[in-house]
Amino acid sequence: MKFTLSWLKEHLDTQASVDEIAAALTDLGLEVEGIENPAAKLATFTLAKVKSAVQHPDADRLRVCVVETDEGDKQIVCGAPNARAGITVVLAKPGDYVPGIDVTLGVGKIRGVESHGMMASERELELSDEHDGIIELPSGEVGQKFIDWLAANQPAKVDPVIEIAITPNRPDALGVHGIARDLAARGLGKLITKTVAPVPAAFKSPLGVTIAADTADGAPLFCGRLIRGVKNGPSPKWMQDRLRAIGLRPISFLVDVTNYFTYDQNRPLHVFDADKVQGALRVHRAKGGEEILALDGKTYALDAGMIAISDDAGVESIAGIMGGEHSGCTDETVNVFVESAYWDPIQIALTGRALKLHSDARYRFERGVDPAYTPVGLEAAVRMIVDVAGGEASDMVVAGAMPDVSRSYTLNPARVQSLVGMDIPEAEQRATLTALGFRLDGNDAHVPSWRPDILGDADLVEEVARVASLTKLVGKPMPRITDGVPKSVLTPTQLRQGMARRAAASLGYNECVSYSFIDGAAAALFGGGTDLTKLENPISADLSDLRPSLLPGLLRAAARNQARGHMDLALFEVGQTFQGGEPGEERQEIAGVLIGRTGPKDVHGGSRAVDVYDAKADVEAILAAIGAPAKAQIMRGGEAWWHPGRHGQIGLGPKKVLAVFGELHPKVLREMDIKGAAVAFTIWPAEVPQPKNRTATRPALILNDLQAVERDFAFVVDQGVEALTLVNAAAGADKALISDVRVFDQFIGGSLGEGKKSIAITVRLQPSDATLKEADIEAVSAKIVEKVAKATGGALRG
């Protein structure tokens, strides 16, 4: 939103400077994005008078001038054809920066004659494109600042332009009058309210308007007046100056009036050439397929349900967005129909987005204009047209009814303290709301029609606080709930997240943060992709599903790195995964992937490809860091995206799985564009039991002073029996006494027979109460043989 300082002062009686206004606007929530102040680049230039101008001795087109300045007479060489004695000029002295030619002047010699400055043209000062000669001023005193002369004689050329950012909840600030209202409430001046005397109706409008019954919800109110006998042409200079200053091109007076009211009062209007309208105007929903050549020179096809304004010949305007070329006003327009309507913001937004059509009218209507100003704005525009372009106006044509947006909320002065923490007297609160246009009836604050964003009593508090200035808010420390050292604010789950991150980083992993949304194909590979996790309104096709696992995001990141030549990767992520879209259908995961080699190749051959045991070591280290029990079982049974023979689940039992690790299935890696093998792990920290003793101190170190005993066993089992099954069975024979079980040999064939193999294990027994005797060892050994035989069907090898 752009406006000039002089434009603002037509609505605000103030002596505040541009800087003061800019600071107040930003503090009020209307952030100033930029200020174009033409006076700043012209501040050094002064007025001077040419006393004499003679021919240059060595150039036909140059003159040597003696110029009277505030520093005495100066010699200046000038090539302008209008340089002559007696004229008042704009002087640039040595040391001055000339913006139009991007030069800082110095004393120089031109064809052997010294020149102490220059007399500037309009283009050299970036006032216009005029450069046929130097500036000749009709008045002014020697030494007078050029910007002071412009301010008194041509103020538009030094009028600062302010640009502010408008948040979607403040459509009232899309008009200069609304901005002035905020500044007046802050105390930077007094709001100027102008009353416009309506133009008396000279005849009954022959042009009627109707709104279709199915369109009333999208077009509640349509007002219009027909003006006969206007003389269209260029707009007044003041209007052209203002429109040009904010970046709009003046077209003709009738068109410029609509643009002026759009920015002045946030009241978009439209003008129809009444002689080109066939029959009555009707506001209706398009059936679909209707076309219109709009004022931007493009043809648009309307979808069914879009609101259009049509006559007997066809569509003449896309309601609330842009008019049609056919009925647009030209210099030959004599009879004009002025439209002022109120349109439903959502309807305008849907139509504009579908047509990809942007306009100042759409920008305002989709945010919300003042419905009560619809007929008032029409009267003001008609008055301006008649006063400037002449003509006589009809009565007002009204279709529909004014929408009822009246509402009120209770003003509770104490809530300013409880919600914002500011002490603002009740009288000041009431004065602020009154200045902003609220009508107070006791403690009931009636919301003005131009503020659709006020939807509760908390919004009243916000208005009071922002006008009072949130910069006055004094920071105060929150009181302690309890005396002494406060308890940790982090939950056990959050603490575990931090521990897991530190542990993974210390192992050499780099943390990733990926989207919670992934594409449907990747989700299907990892157990998702169902309707339960499908987004209804995805922001793009590749972000259509909630992620069922962290691994797809990590693999996508790995693929992007591989495509850029980074082949050795260690990535991890901590985040939420989703099994559905309802509360509770999500869980936290810690996941990591290893791809490539353990390190760069070297002469010692220490580099090797990462394997499943690297993932196992890392997942065990992270589990230990977050407090998982040291004793856990490793089991099969992972999901389909794991390699069927090269993965394992770590758990406290079949129903208590803490993590899974291993190689990822080659099919999954192909789908995810991963080159080579990849090992990964996933940890579910919520499954890790919380410690029974929740103190900050570490438990005492337990060292066994009794001799450990190791016994070797060799079992003959069927060739299809997994070593893991045998190890778990042996470890479960006596969980208190057996501290470790390891496989150290496997033998297939020979005297074992077809379909048989031998697996040898070492079982470590660690007593804690007394030294083991032979009978104790034999008893445990018998339990191990019994457990293994029951679990695998095997027998001790003879």
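This is a predicted model: local features need pLDDT of at least 70, side-chain atom pairs count only at pLDDT 80 or more; totals for chains, interfaces and linings use all residues.
Visitor: Which residue meets Asp457 in a salt bridge?

Guide: The partner is Arg415, with a separation of 3.1 Å from N to O. Asp457 belongs to helix α13 (residues 457–468) and Arg415 to helix α11 (residues 415–419), so this pair ties together parts that are 42 residues apart in sequence. Asp457 is partly exposed, at a relative accessible area of 31%, and Arg415 is also partly exposed, at 24%.

Visitor: Where do Glu463 and Arg466 lie?

Guide: Both residues lie in helix α13, three residues apart, which is about one turn of the helix.

Visitor: Are Glu463 and Arg466 buried or exposed?

Guide: Glu463 is buried, with a relative accessible area of 2%. Arg466 is buried as well, with a value of 7%. The cut-off needed here is that buried means under 20% relative accessible area.

Visitor: Which residues are linked with Glu463 and Arg466 in a network of salt bridges?

Guide: The network also takes in Arg170, Asp172, Asp182, Arg451 and Asp453.

Visitor: How is the salt bridge between Arg501 and Glu511 to be read?

Guide: The closest N and O atoms of Arg501 and Glu511 are 2.7 Å apart. Arg501 sits in helix α14 (residues 492–506), while Glu511 sits in strand β30 (residues 510–511), so the pair ties together parts that are ten residues apart in sequence. Arg501 counts as partly exposed at 28% relative accessibility, and Glu511 counts as partly exposed at 38%.

Visitor: Let us turn to helices. Which residues of helix α2 are buried?

Guide: In helix α2 (residues 18–27), the buried residues are Val18, Ile21, Ala22, Ala24 and Leu25. Viewed down the axis of α2, they fall within an arc of 165 degrees, so they line one face of the helix.

Visitor: What covers the buried residues of α2?

Guide: The covering elements include β1 (2–4), α1 (5–9), β3 (32–36), β13 (161–164) and α5 (176–186). Just after α2, Gly29 takes a positive phi of about 100 degrees.

Visitor: Which residues are buried in helix α19, and what covers them?

Guide: In α19 (residues 723–731), Leu724, Leu726, Val727, Ala729 and Ala730 are buried. Their cover includes the strands β35 (633–635), β39 (709–718), β40 (738–748) and β41 (756–765), together with helix α20 (774–792).

Visitor: How many residues has the largest nonpolar core?

Guide: The largest nonpolar core has 110 residues, and Leu25, Ile164 and Trp343 have the most contacts inside it. Helix α10 (residues 373–389) gives the most to this core, with nine residues. Apart from this core lies another, of 30 residues, among them Ala523, Leu554, Leu571 and Trp641.

Visitor: Which residues are in contact with Ile164, leaving aside its neighbours within four places in sequence?

Guide: The contacts of Ile164 are Met1, Phe3, Leu25, Leu30, Glu31, Val32, Glu33, Ala173 and Ile179. Leu25, in this list, is also one of the buried residues of helix α2.

Definitions and conventions. Residues are numbered from 1 along each chain as its sequence is written. Side-chain values use heavy atoms; hydrogens and water are left out. A salt bridge is a side-chain nitrogen of Lys or Arg within 4 Å of a carboxyl oxygen of Asp or Glu. Helices (H or I, at least four residues) and strands (E, at least two) are DSSP runs, numbered from the N terminus. Buried means under 20% relative accessible area, exposed over 50%, partly exposed in between (1.4 Å probe, protein chains only). Contact means heavy atoms within 4.5 Å. The arc is that of the directions from the helix axis to the C-beta atoms. A nonpolar core is a set of buried Ala, Val, Leu, Ile, Met, Phe, Trp, Tyr and Cys residues joined through side-chain atoms within 4.5 Å.
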